[in-house]
There are 2 protein chains.
Amino acid sequence: MGTTQLETVPEPKYWHLRTVLSEALDQDFEVGEVLPNERELAARFGVARATLRQALEQLELEGRLQRRRGVGTTVAPPRVGVAVGSTGPSWPGEAGDGWQAVDCAEGVPTAAVAKLLGIAADQPVHTVRRTRVTHGQVVAAELLHVPAASVPGLSGIDAPSGPARARAVLRELQRQTLEGQDRAVELGSARADDAKELDRLPGAPVLLVTTRYITATGTAAVAVATYRADTCRLTFGDSGDVEISHPGDTERVAS
Amino acid sequence: MGTTQLETVPEPKYWHLRTVLSEALDQDFEVGEVLPNERELAARFGVARATLRQALEQLELEGRLQRRRGVGTTVAPPRVGVAVGSTGPSWPGEAGDGWQAVDCAEGVPTAAVAKLLGIAADQPVHTVRRTRVTHGQVVAAELLHVPAASVPGLSGIDAPSGPARARAVLRELQRQTLEGQDRAVELGSARADDAKELDRLPGAPVLLVTTRYITATGTAAVAVATYRADTCRLTFGDSGDVEISHPGDTERVAS
């Protein structure tokens, strides 16, 4: 693969290089293997460092490569399927939901959260922080917003903060009858506190999952979960995970 | 907001700048408004051009900004909610699914598609190309892979290609009894042909939705849909869309 061929294709150079590199990853590299450095790769493919960097960024976005300080660029393992949708609506914290309560705080909601909850901006809200661990790695961080009005039985004797308080809020929430829930998935970037928990830099691409829990009287709670976009594939369904050999690679799956 | 404050915060500069810019977008700009050029913005916030560019990239990732050649950087409208999950499994092409059949081709599958379908790599597959239009804009492109064995009634007298052929394949597929379906959502980058259809550059961030359609005899079809990540929010649910005032902004929703 020399310079000439890269220059004569109509698509952007970095995109063509990305395709060439993707094939090289399949054929010549193992998962976890460290790639040669940028200077060497740029020379090997006859491209400028900037072009190479763009191609590497693409492959990182697709989950094919991981770049870590002090380690370099390595070939990423296949993404992990994380079940998000289930057969029916269920409250956060019900058995087997995969989340661990970390902390709980009380305060007034931001304007956006108040709007999602359908409450006035001065109504008190419990915010439960949870994390989700898969294969020993934190794959998601969540803020669950529960208006005080949704957990009227929450007693003052319960722990004032920490995981015990979080569990008390979840327990009270589960006393309500859940009528339905809806979800939205979109691309976002990790906030500083989530980034820390997910072992990423602030601004790393994440998949944001917003879930609204609905009872007969309205929205009882709203969860905003931040999933690592580099390592996670969110699965929804009524018959198990979609099994994809290497789902990061659009090219091979889609074409 | 001067240089000093940006230098004394512990988070990366571009991340802090991103937060400051995000607030400025809320307060001082309208949707569709063109931002001042990079030189001017960098001077206004007392940062290097590289830092400014990183912050702008973040805000683009979050759907707050759009950057287009010849236009510049504009304030993006809120993302559009696109319903992906429904109350139950349904075949592609059933009434009201929002997709338009564009074309159909026959060939052998790639290794990844064959694996998803659970067929041998030399089995013929019909690949239906569809697009999804919302508010007059193409928001997604899809390749639906249907093994010839899933549509045994497809006749030679049907149109050999084009939208008519695609519709014939969908019609035959719908004769089967759908037992279930599962979905996976992950981050990807737009392939050249999808990018063209979505009016994006190759490599633009997209949300990849892989759907497997399951009958009593196995996987009858697999769809890989590519949604614009900048403008789309994928919604799943049993009670309508999750309404978020400006879902691109994690900060306000999650904190």
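The side of domain 1 of chain A that touches domain 2 of chain A consists of 1 nonpolar, 2 polar and 2 charged residues. Asp, Glu, Lys and Arg count as charged; Ala, Val, Leu, Ile, Met, Phe, Trp, Tyr, Cys and Pro as nonpolar; the others, Gly among them, as polar.

The model is predicted, with local features needing pLDDT of at least 70, side-chain atom pairs counting only at pLDDT 80 or more, and totals for chains, interfaces and linings using all residues. Residues are numbered from 1 along each chain as its sequence is written, chains are lettered from A in the order in which they are written, and side-chain values use heavy atoms, without hydrogens and water.

Domain 1 of chain A spans 13-75 and domain 2 spans 80-235; these bounds come from an automatic or database domain assignment. Each domain of chain A gives 5 residues to the contact (heavy atoms within 4.5 Å). The centres of the two domains, taken over C-alpha atoms, are 36 Å apart.

T134(A) lies in strand β5 of chain A, residues 125-134 (strands are DSSP runs of E, at least two residues, numbered from the N terminus). T134(A) counts as buried because its relative accessibility is 18% (buried means under 20% relative accessible area, exposed over 50%, partly exposed in between; 1.4 Å probe, protein chains only). Leaving aside residues up to four places away in sequence, T134(A) touches V80(A) and V139(A).

Terms used
Helix = DSSP H or I, 4+ residues; strand = E, 2+ residues; numbered from the N terminus.
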